[in-house]
Protein chains: 2
Amino acid sequence: MLSARAVVLLSGGMDSAVCLYQAKAQGFSLYAISFRYGQRHSLELECATALAAALAVQRHLIFDLSAEAFAGSALTDAIPVPKDGSGVGVPVTYVPARNTVFLSLALAWAETLAARDLFIGVNAVDFSGYPDCRPAFVSAFESLANVATQGGPYRIHAPLLHLSKADIVRLGVELGVDFRRTWSCYDPDRQGLACGACAACRLRLEGFAAAGYADPASYLPHP
Amino acid sequence: MLSARAVVLLSGGMDSAVCLYQAKAQGFSLYAISFRYGQRHSLELECATALAAALAVQRHLIFDLSAEAFAGSALTDAIPVPKDGSGVGVPVTYVPARNTVFLSLALAWAETLAARDLFIGVNAVDFSGYPDCRPAFVSAFESLANVATQGGPYRIHAPLLHLSKADIVRLGVELGVDFRRTWSCYDPDRQGLACGACAACRLRLEGFAAAGYADPASYLPHP
């Protein structure tokens, strides 16, 4: 019998990597989709490609999105990435409606593939203030998907939604995720070392520490 | 006082043209967005550009989307466009999740523009079986937009939703739409003449006839 197909949003970060392994563990035939949308660096997409190869996905689609509609974020523009760990509310690294756009394109692809299951690694615990990482967003998108298409019924799987970063590390270790093939840092140096100071590095380092595992990523030495 | 901004989805078809004029009539400052997604021809986008210029919109963004995720539609692939006017259910010209993708990108742009109003020319009366032209789709997208973003509250305006094609023609005439600058045909000839036989041409011709106006579009002569 053929496995049901799942479309997995794969950024190359640790959360989407764990998501991909989770979809595999649930027996889905894997279709990974990544986006090139004017990110500051390509290290995340290189990790996505390595992860897709490691799990022998059926297909890995890297979708080119003109970055113009996403202007105004520190992830895509020349706005400095904060390094002080402070800040309340929505951070400057928020990219407008990003997960809405990504899920919409994943949904379009799913419909052509006759896949009814979409996986996204959003996380509401350590979500750093992004509105499109909340449970209400995931369920609103699932409702939309089921009226927007002729396929379905669709399920939006967000298996990390209620996990802490430490839980995500533990789940990843259990599923055999090779965390060397994942990228988190918003602002690496030119040699591809993680800064260790941006919000994404902090969350990652705290997650590994709390889970009791060593983070295999390479960081800039700190004084 | 500055006018509020609206993002208008502008395909270059007659419905989106009427929508653009409607947004103008409501006093919005206009931002038009169009998509290049592997359509069979560029006549619609040429009309979109002409309409945007005619109304002196603040900005007209033509967004390039790789067509790959939209495979499998007669509007983007080498599948013949039906000419017999028959068919039930969802037609082969349906493009998977198209309006979801378009509205998502429009929403991202709206968020960067601090615009809270989006206009889309979907129509549930003559909607030819497209799931993403129904009232349930529009309200599901509005609900999504309001949990997916940090801006808002957003309103998705679909002023043509409950109008017949004849009503749309009448409204367009009232608003001063130049219908020569609108394109409907799915399958024009190389000289840019409309076929007069595809579902889009039929709807358009019937709409003009029922409204009692002459359609200024140029059609292939029929035997």
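This is a predicted model: local features need pLDDT of at least 70, side-chain atom pairs count only at pLDDT 80 or more; totals for chains, interfaces and linings use all residues.
## Confidence

For the complex, the ipTM comes out at 0.86 and the pTM at 0.88. Chain A has an average pLDDT of 87, with 84% of its residues scoring at least 70.

Chain A has an open sheet of five strands, paired in parallel and ordered 3-2-1-4-5. Strand 3 (59–64) and strand 5 (155–157) of chain A sit at the edges, each pairing on one side only. On average, neighbouring strands are turned by 25° against each other, ignoring direction.

At one end of that order, strand 4 (residues 117–119) and strand 5 of chain A run parallel and are joined by three bridges. One of the pairings to look at is A:Leu118, whose bridge partner in strand 5 is A:Ile156. As for helices, helix 2 (residues 43–54) of chain A lies across strand 2 (29–36) and strand 3, at about 170° to strand 2. Helix 3 (residues 98–113) of chain A lies across strand 1 (5–9), strand 2, strand 3 and strand 4, running at about 160° to strand 1.

## The sheet in chain B

Over in chain B, an open sheet of five strands with parallel pairing has the order 3-2-1-4-5. Its edge strands are strand 3 (59–64) and strand 5 (155–157) of chain B, and the twist from one strand to the next averages 25°.

Strand 1 (residues 5–9) and strand 2 (residues 29–36) of chain B run parallel, with five bridges between them; B:Val7, for instance, has B:Tyr31 in strand 2 as its bridge partner. Helix 1 (residues 14–25) of chain B packs on this sheet, where it touches strand 1, strand 2 and strand 4 (117–119), and its direction makes about 170° with that of strand 1. Helix 2 (residues 43–54) of chain B lies across strand 2 and strand 3, at about 170° to strand 2.

## A helix crossing in chain B

Helix 5 (residues 165–175) and helix 6 (residues 199–211) of chain B have axes that come within 7 Å and cross at roughly 65°, so helix 5 is roughly perpendicular to helix 6. The crossing is right-handed.

From helix 5 of chain B, the residues in contact include B:Ile168 and B:Val169, while those from helix 6 include B:Leu203 and B:Phe208. By class, the contact has seven nonpolar, one polar and four charged residues.

How values were computed:
Residues are numbered from 1 along each chain as its sequence is written. Chains are lettered from A and ligands numbered from 1 in the order in which they are written. Axes are lines fitted to C-alpha atoms, for helices over the stretch in contact, and angles run from 0 to 180 degrees between N-to-C directions. Helices (H or I, at least four residues) and strands (E, at least two) are DSSP runs, numbered from the N terminus. Angles under 35 degrees count as roughly parallel, over 145 as roughly antiparallel, 65 to 115 as roughly perpendicular and the rest as oblique. A crossing is left-handed if the near helix is turned anticlockwise from the far one by less than a right angle, and right-handed if clockwise. Two residues are in contact if their C-beta atoms, placed from the backbone, lie within 7 Å. Ala, Val, Leu, Ile, Met, Phe, Trp, Tyr, Cys and Pro count as nonpolar, Asp, Glu, Lys and Arg as charged, and the others, Gly among them, as polar. Two strands pair if DSSP finds at least two bridges between them. pLDDT is the predictor's confidence in each residue, from 0 to 100.
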